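This report describes a protein model in terms of its overall form, its secondary structure and selected residues. The sequence and structure are shown below.

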Amino acid sequence: MGPLILDLNGLELSSEEREILKHPQIGGIIFFARNYESPQQLLDLISQIRNSSNQRLLLTVDQEGGRVQRFLSGFTQLPALGKIGQLYEKNPSQAAQLAELHGWLMASELLSLGIDLSFAPLLDLNNGHNQVIGARAFHGNPAIVTSLGRHIIQGINDAGLCTVGKHFPGHGAVTRDTHTHLAVDTRDYKTIENDDLIPFTQLSPYLDGIMASHIVYSEVDPLPCGFSSSWLQTILRKKLNFSGAIFTDDLSMQAVKALGDVTERVQLALRAGCDGILVCNNREDAISALDYLENSAPSNKTTAKRLQKLFPRRTLEPALLRQSTAWHDAVNQLSKLNDN
């Protein structure tokens with residue numbers, strides 16, 4: 001199982017994609033809205049992927065809820081986490097219950113159609129600086145994010161999926177969008193540790209994976225977090241004692257283009273200790289990355305084991321899920337948040 005997580009162009013596999021999926025350095029696929037039309041179409045696409053690959057690939061998606069939900073038609077429209085955070089200010093116990101239901105419902109619906117992993121939960125702080133984060137985050141208070149984060153993790157695990165917390169060590173304090181710009185956080189480590197890092201520190205024992213941000217925390221390391229052994233090895237692995245999988249954010253994002261071509265970015269990320277490398281929305285880069293890994297990078301059994309641990313712990317039939325009282329109750333309770 002290789003480290004690369006790649007994307008697809010459309011609703012079904014092209015002949016080129018069928019060939020690419022045979023490559024041993026691919027570890028998984030990430031789906032976007034362009035890959036989804038209906039539950040049946042997704043089942044067909046997954047079948048095509050499984051028939052084309054020589055190994056089991058990790059099938060992933062960003063299904064956070066709110067404005068980041070790739071699968072819509074045929075899925076429950078999940079509220080943004082920020083709505084649960086707002087409720088927490090009035091009724092903490094009800095908010096905790098809804099966070100757990102949110103995680104359970106999101107994960108159950110994905111699992112029932114054969115998706116292995118959602119890159120969730122988001123553990124950034126919404127302190128009003130970053131519009132890309134905004135209501136995707138539970139709250140600006142790290143204690144509230146930690147509390148609700150623990151409950152959403154529980155819900156996702158109860159459904160049978162693993163969790164990936166993002167974007168380590170916190171994305172909420174910069175104004176720039178790393179999709180389009182280099183973003184630099186000039187705070188010192190102690191300030192970050194006492195604020196954005198708290199949810200990751202407290203919840204790392206319960207997370208199966210962590211996605212590193214593309215932000216440069218200039219007082220800690222001149223490299224963006226996902227390429228920094230200071231962040232990933234010294235702090236995350238050693239200080240926080242985290243043993244799960246570490247993912248990069250998408251290596252095609254503008255924030256990391258200055259680090260060199262895609263092979264240099266892949267090399268830096270692997271050297272820093274990343275297990276899963278996302279290369280999306282650039283087929284040429286994806287092929288270059290595969291070629292580099294095949295010819296130049298030694299295989300890493302530890303990385304492969306960490307990724308393999310992320311496969312779901314159970315299977316679930318779509319019809320059985322939607323016939324269940326638990327599904328109906330979760331949909332009804334969470335729909336009230338969407339109405340507010």
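Helices (H or I, at least four residues) and strands (E, at least two) are DSSP runs, numbered from the N terminus. This is a predicted model, in which local features need pLDDT of at least 70 and side-chain atom pairs count only at pLDDT 80 or more, whereas totals for chains, interfaces and linings use all residues. Residues are numbered from 1 along each chain as its sequence is written, and side-chain values use heavy atoms, with hydrogens and water left out.

## Overall form

The protein contains 13 helices and 12 strands. Its C-alpha trace spans about 55 × 50 × 30 Å along the principal axes.

Of the contacts with a separation of 6 or more, 77% are made by residues 24 or more positions apart, contact meaning heavy atoms within 4.5 Å.

## Surface and charge

Of the 340 residues, 58% count as buried. Buried means under 20% relative accessible area, exposed over 50%, and partly exposed in between (1.4 Å probe, protein chains only). The accessible surface comes to about 13,700 Å², and carbon and sulfur atoms hold 47% of that surface. These areas come from the Shrake-Rupley method with a 1.4 Å probe; for residues, only the protein chains shown count as cover.

The mean positions of the 30 positive and 36 negative charges lie 5 Å apart. Lys and Arg count as positive and Asp and Glu as negative, without His and the chain ends; each charge is placed at NZ of Lys, CZ of Arg, CG of Asp or CD of Glu.

## Helix H4

Helix H4 covers residues 92–112, and its end C-alpha atoms are 30 Å apart, in agreement with the 30 Å that its 21 residues should span at 1.5 Å a residue. The expected span is 1.5 Å times one less than the number of residues. H4 is mostly covered, with 16 of its 21 residues buried. Gly-114, which follows H4, has a positive phi near 95°.

Ala-120 and Pro-121 are joined by a cis peptide bond with omega about 15°. Pro-121 belongs to the loop between strand S6 (117–118) and helix H5 (142–159), and Asp-124 is also found in the loop between S6 and H5. A cis peptide bond with omega about 0° links Lys-166 to His-167, and His-167 is part of strand S7 (residues 164–168).

Asp-124 is buried, with a relative accessible area of 0%. Neighbours within four places in sequence aside, its contacts include Lys-166 and His-167, as well as Ile-133, His-139, His-171 and Phe-200. The C-alpha atoms of Asp-124 and Pro-142, 18 residues apart along the chain, are separated by 8.5 Å.

## Loop residues

Asn-241 has a positive phi near 60° although it is a residue other than glycine. Its place is the loop between helix H8 (229–239) and strand S11 (245–247), and at 63% relative accessibility Asn-241 counts as exposed. Asn-281, not a glycine, has a positive phi of about 60° and sits in the loop between strand S12 (277–279) and helix H10 (283–296).

Asp-261 occupies the loop between S11 and helix H9 (262–272) and is partly exposed, with a relative accessible area of 41%. C-alpha to C-alpha, Asp-261 is 37 Å from Gly-103, and the two are 158 residues apart in sequence.
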